[in-house]
Amino acid sequence: MKKIWFFIIFTAVLLSCSDNNRSNNNPNIPNYSISAYLDYNLPTYNNLRYVSNPVFVANYGAKGIIVMKTGEGTYTAFDAACPNQAFNSCTAMTIDGIYAVCSCDKSKYNLYTGLGDKEYPMKQYRVEVSGTVVHVYN
């Protein structure tokens, strides 16, 4: 009987583990495959050298991407589509300091966390840095 209880508890613990990644499922934003290489030696991406200076990059993701350096060697990247609005109802979000602002409802999302005051957070992408190149992908 002890073996059965041990097996049940072990299985429950094993199944309750997660990979600790934030879910990016959002019914309002389509899933597009992206792979953007941004060299911050180029004038267009020069703000990526400095903390809290986000850059908007068009033609990636659903409505463009917003990339920001958050610390020494760390970056965040989010889709510029409004996460809580129908995809075709709004233009890309605009940058206001360390916030992204939705053009439809004027809700703000923090570019460090992607969180706002609505149901869904911003759609986040993965970021790797190699030398002066910031690679944003999913």
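What follows is a short chat about disulfides and then one valine.

Q: What kind of model is this, before we start?
A: This is a predicted model: local features need pLDDT of at least 70, side-chain atom pairs count only at pLDDT 80 or more, and totals for chains, interfaces and linings use all residues. Residues are numbered from 1 along each chain as its sequence is written, and side-chain values use heavy atoms, with hydrogens and water left out.

Q: OK. How many disulfides does the structure hold?
A: Two. A disulfide here is a pair of cysteine sulfur atoms within 2.5 Å.

Q: And what is a disulfide in general?
A: A covalent bond between the sulfur atoms of two cysteines.

Q: Which cysteine does Cys82 join?
A: Cys82 is joined to Cys102, with 2.2 Å from S to S. The pair links distant parts of the chain, 20 residues apart. Cys82 sits in the loop between β4 (74-79) and β5 (94-96). Cys102 sits in the loop between β6 (99-101) and β7 (108-110). Strands are DSSP runs of E, at least two residues, numbered from the N terminus.

Q: Is that disulfide right-handed or left-handed, and why?
A: Right-handed, because the torsion about the S-S bond of Cys82 and Cys102 is about 115°.

Q: Are Cys82 and Cys102 buried or exposed?
A: Cys82 is buried, at 5% relative accessible area. Cys102 is buried too, at 1%. Buried means under 20% relative accessible area, exposed over 50%, and partly exposed in between (1.4 Å probe, protein chains only).

Q: Buried or partly exposed, for Cys90 and Cys104?
A: One of each. Cys90 is buried at 7%, while Cys104 is partly exposed at 36%.

Q: What is the pairing in sequence order?
A: Number the bonded cysteines along the protein chain, and the pairing is 1-3, 2-4.

Q: New topic. Where is Val133?
A: In strand β9, residues 133-137. Val133 is partly exposed, because its relative accessibility is 24%.

Q: What is Val133 in contact with?
A: Leaving aside neighbours within four places in sequence, Val133 is in contact with Tyr37, Leu38, Asp39 and Glu128. Contact means heavy atoms within 4.5 Å.

Q: And how far is Val133 from Asn41?
A: In space, 8.3 Å, C-alpha to C-alpha. In sequence, Val133 and Asn41 are 92 residues apart.

Conventions
Helices (H or I, at least four residues) and strands (E, at least two) are DSSP runs, numbered from the N terminus.
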